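Visitor: I have a sequence and a structure to look at. Can you walk me through how the helices and chains pack?

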Number of protein chains: 4
Amino acid sequence: MSTDETPTDAEAACFEAGIKFGSLYHQFAGTPIAPESASSLATAMEEAIENQPHCIDVTVDVRTDDLEAELADSTADYTELTGRFLEVEIVVDYEGCTVVTHMAMEDGYPLMKLESIRNR
Amino acid sequence: MSTDETPTDAEAACFEAGIKFGSLYHQFAGTPIAPESASSLATAMEEAIENQPHCIDVTVDVRTDDLEAELADSTADYTELTGRFLEVEIVVDYEGCTVVTHMAMEDGYPLMKLESIRNR
Amino acid sequence: MSTDETPTDAEAACFEAGIKFGSLYHQFAGTPIAPESASSLATAMEEAIENQPHCIDVTVDVRTDDLEAELADSTADYTELTGRFLEVEIVVDYEGCTVVTHMAMEDGYPLMKLESIRNR
Amino acid sequence: MSTDETPTDAEAACFEAGIKFGSLYHQFAGTPIAPESASSLATAMEEAIENQPHCIDVTVDVRTDDLEAELADSTADYTELTGRFLEVEIVVDYEGCTVVTHMAMEDGYPLMKLESIRNR
């Protein structure tokens, strides 16, 4: 077991991927959203986070069914963006090491996960 | 001079217009932005805030010249959204009273202003 | 009925009050919150928004009971800040005209309201 | 060179640390801040992010000198929180693997960095 070593490229790639997820979530959570405005918000989220260093690709899907179900039970015609309406994939490349990460609902919570690490 | 009266429709319309401006600014300030992603962010901001009650129309222009000038002086190829890159018009209607509001730079600060109040 | 008149001080005060509410809500919605961290967040929200022009006083109460009830039903020990955990009062003074505004739950929604306008 | 392996605990710890940094930055960037309100905001940021899973410790220092210097050049008495006013350390523990991360200005940019990884 090693101690206080400098990070590997794979570890740095995972750190960068985490930054992108935290940024995406906390920049956009709370945004007013309705089924009609979901697609422009998803595109803006993708293009905004793709600006960040080492970020190769961001894919945001709004779970429109869940959004419509929530609004059907409500007197309002919009709600606030939160994790249960989102499915997100983010791909980061750091010095040739590629990390794929994913956020989706699991047991009622939006869970951010490392999917794969290539060219470690 | 009256005291503690209930608000007029015009006053309620101005309050609603202020809510939209504060929402728009503080939801999206800090978003990573580059000239290529400016247009998708502007569209998402418009459609998101138009969801809010009494909001008739939102127009967001990103001052791309200022954005490009800042990036030309920088080693980064994106920056964070802030007021000096934005020009915004928001129109609110409350019980038939229409309020037009505007945000633009004045003396180096983004200033939010009531432009006109119709059908007071 | 007048058209396109310039705003009165009371209308400007209401606009300013709305800006503060939209700012407070959309800056802090989504913040990770637990009963133990509620008080530091409430204080930060108050002091942050009191910096804004014409803002005399901000009072934020976190509805700790509702927060604890939600966490009791959950496997998580924190959640995200949203309107149903907040009760907020904001006082704005514009050219001697004082506006008191309030946000609280009504019919399941956080409603922002003008309470009173003095020295109109 | 391995391909598509599952993440190590150290890689997962780095991913979690990145999430905390992105969350902290994009939740609070844009908050109105003055020297008098800096300390309550720093405390709220620390306690909010410490709620997140695997987060052991968050230390936020506001660079008050830089804040005062900016306000001395300005007609305003507050500004918006951005990276150049912040120095942040975040410690994450994932399955016994401890990651220390840091954000500070470097060449005019706020840089988030992995400092050390222990018990890899």
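Guide: Start inside one chain, and bear in mind that this is a predicted model. Helix H1 of chain A covers residues 9–28, and helix H2 of chain A covers residues 38–50. Their axes come within 11 Å and cross at roughly 140°.

Visitor: Are H1(A) and H2(A) parallel or oblique to each other?

Guide: The angle is roughly 140°. Only angles over 145 count as roughly antiparallel, and 65 to 115 is the range for roughly perpendicular. H1(A) and H2(A) are therefore oblique.

Visitor: Is the crossing of H1(A) and H2(A) left-handed or right-handed?

Guide: Take the two axes that cross at roughly 140°. For H1(A) and H2(A), the crossing is right-handed.

Visitor: Which residues in H2(A) meet H1(A)?

Guide: From H1(A) come Lys20(A), Ser23(A), Leu24(A) and Phe28(A). By class, this contact has 6 nonpolar, 1 polar and 1 charged residues. The partners in H2(A) are Leu41(A), Met45(A), Ala48(A) and Ile49(A).

Visitor: What angle do H1 and H2 make in chain B?

Guide: H1(B) spans residues 9–28. Its axis lies 11 Å from that of H2(B). H1(B) is oblique to H2(B), and their crossing is right-handed. The packing angle is about 140°.

Visitor: How many nonpolar residues are in the contact of H1(B) with H2(B)?

Guide: Lys20(B), Ser23(B), Leu24(B) and Phe28(B) in H1(B) touch Leu41(B), Met45(B), Ala48(B) and Ile49(B) in H2(B). One of these residues is charged and 1 is polar. The nonpolar count is 6.

Visitor: Now across chains. How far apart are the axes of H2(A) and H2(B)?

Guide: H2(B) covers residues 38–50. H2(A) and H2(B) pack at an angle of about 140°. Their crossing is left-handed. The axes are 8 Å apart.

Visitor: Which residues in H2(B) meet H2(A)?

Guide: H2(A) brings Ser40(A), Leu41(A), Thr43(A), Ala44(A) and Glu47(A). The residues of this contact divide into 4 nonpolar, 4 polar and 2 charged. On the H2(B) side they are Ser40(B), Leu41(B), Thr43(B), Ala44(B) and Glu47(B).

Visitor: In chain D, which residue has the C-alpha nearest the axis?

Guide: The axis in question is that of the 180° rotation taking chain D onto chain B. The nearest C-alpha of chain D is 3.1 Å from it. That C-alpha belongs to Gly30(D).

Visitor: What percentage of the contact residues of chain A recur in chain D?

Guide: A 180° rotation superposes chain A on chain D, with 0.0 Å of shift along its axis and an RMSD of 0.0 Å. The same surface serves both copies. The share that recurs is 100%.

Technical notes. Residues are numbered from 1 along each chain as its sequence is written. Chains are lettered from A and ligands numbered from 1 in the order in which they are written. This is a predicted model: local features need pLDDT of at least 70, side-chain atom pairs count only at pLDDT 80 or more; totals for chains, interfaces and linings use all residues. Side-chain values use heavy atoms; hydrogens and water are left out. Axes are lines fitted to C-alpha atoms, for helices over the stretch in contact, and angles run from 0 to 180 degrees between N-to-C directions. Helices (H or I, at least four residues) and strands (E, at least two) are DSSP runs, numbered from the N terminus. Angles under 35 degrees count as roughly parallel, over 145 as roughly antiparallel, 65 to 115 as roughly perpendicular and the rest as oblique. A crossing is left-handed if the near helix is turned anticlockwise from the far one by less than a right angle, and right-handed if clockwise. Contact means heavy atoms within 4.5 Å. Ala, Val, Leu, Ile, Met, Phe, Trp, Tyr, Cys and Pro count as nonpolar, Asp, Glu, Lys and Arg as charged, and the others, Gly among them, as polar. Copies are superposed by least squares on the C-alpha atoms of residues with pLDDT of at least 70 in both.
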